[in-house]
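Dear colleague,

Here is the structure I said I would pass on. My notes on it follow below.

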Amino acid sequence: VGKVIHASQTYPDHRSTIYSQSAVTYGALSAATIIFPFQPPADKLYELWNVPPRNRNFIEQNKLIKRITEHFSVKEAKHLVLAIHGLGGIGKTQLVLEYIWQHYKEYNGVCWFNADSKEQLMVDYVSLGQELHLFAEAEKNIASEEKAKMVKTWLEHPNRAGWLLIYDSAYYYEFRQFKTC
């Protein structure tokens with residue numbers, strides 16, 4: 001089961017609300033043909049990639065951590081998505097970081113992406129692709145958007161199920177269906 005956490009800030013009334021959804025689209029990234037003539041790409045994610053360090057001063061939010069854990073315990077879904085949003089500075093990112101540090105061993109890999117803008121997300125996708133050797137020598141000069149598509153395609157492959165992706169500061173996130181949990 002692929003899992004995504006989306007942290008954003010939207011409400012001016014000092015609430016931090018958790019929403020879940022069954023389907024998600026971020027950007028218009030699509031499939032690409034990938035050929036690896038020199039160094040084969042990695043066949044799995046790093047245990048932790050680009051994840052900030054644990055905050056040792058984090059004040060426990062056991063109820064919220066428990067709700068996140070319960071949300072991701074659903075086994076029937078192909079993809080699970082969780083959006084955490086509220087005012088800036090109320091601890092959304094720290095809450096997600098604490099969840100990661102408590103549960104990362106339950107996943108095949110954990111990736112942290114800065115989704116503050118489409119450009120920054122592409123930079124993070126391309127950085128991950130470079131570390132995983134997803135780009136052949138002939139593909140080094142292709143546009144960043146094409147490289148990001150290649151990484152997204154790699155991440156979506158069924159052999160790489162069981163990972164957790166975090167899109168931090170994803171302000172422009174398209175909800176298809178959601179409910180309050």
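The average pLDDT of the chain (the predictor's confidence in each residue, from 0 to 100) is 74, and 69% of the residues score at least 70. Over residues 7-40 the pLDDT is below 50, and this stretch has 106 contacts in the model beyond near neighbours in sequence (contact means heavy atoms within 4.5 Å). Residues 176-181 also stay under 50, with 16 contacts beyond four places in sequence.

This is a predicted model, so local features need pLDDT of at least 70 and side-chain atom pairs count only at pLDDT 80 or more, while totals for chains, interfaces and linings use all residues. Residues are numbered from 1 along each chain as its sequence is written, and side-chain values use heavy atoms, with hydrogens and water left out.

The largest nonpolar core has 21 residues, of which F113, Y125, L128, V151, L155, L165 and Y167 touch the most other members. Such a core is a set of buried Ala, Val, Leu, Ile, Met, Phe, Trp, Tyr and Cys residues joined through side-chain atoms within 4.5 Å; buried means under 20% relative accessible area, exposed over 50% and partly exposed in between, with a 1.4 Å probe and protein chains only. Two or more residues each come from strand 5 (109-114), helix 3 (118-131), helix 4 (144-156) and strand 6 (163-168). Helices (H or I, at least four residues) and strands (E, at least two) are DSSP runs, numbered from the N terminus. Another core, of 19 residues, lies apart from it and includes I68, F72, V96 and I166.

The search of the whole structure gave five aromatic pairs. Rings of Phe, Tyr and Trp (its six-membered ring) pair if their centres lie within 6.5 Å; planes under 30 degrees apart count as stacked, over 60 as edge-to-face and the rest as tilted. W101 and Y104 are edge-to-face, because their ring centres are 5.6 Å apart and their planes at 75°. W101 is partly exposed at 23%, whereas Y104 is buried at 15%. F113 and Y167 are stacked, with centres 5.2 Å apart and planes at 20°. F113 lies in strand 5 and Y167 in strand 6, so their pair ties together parts 54 residues apart in sequence. Ring pairs also link W49, F113, Y125 and Y167 into a cluster.

E98 counts as buried, at 5% relative accessibility. Leaving aside neighbours within four places in sequence, E98 is in contact with R54, F58, E60 and I65.

Regards
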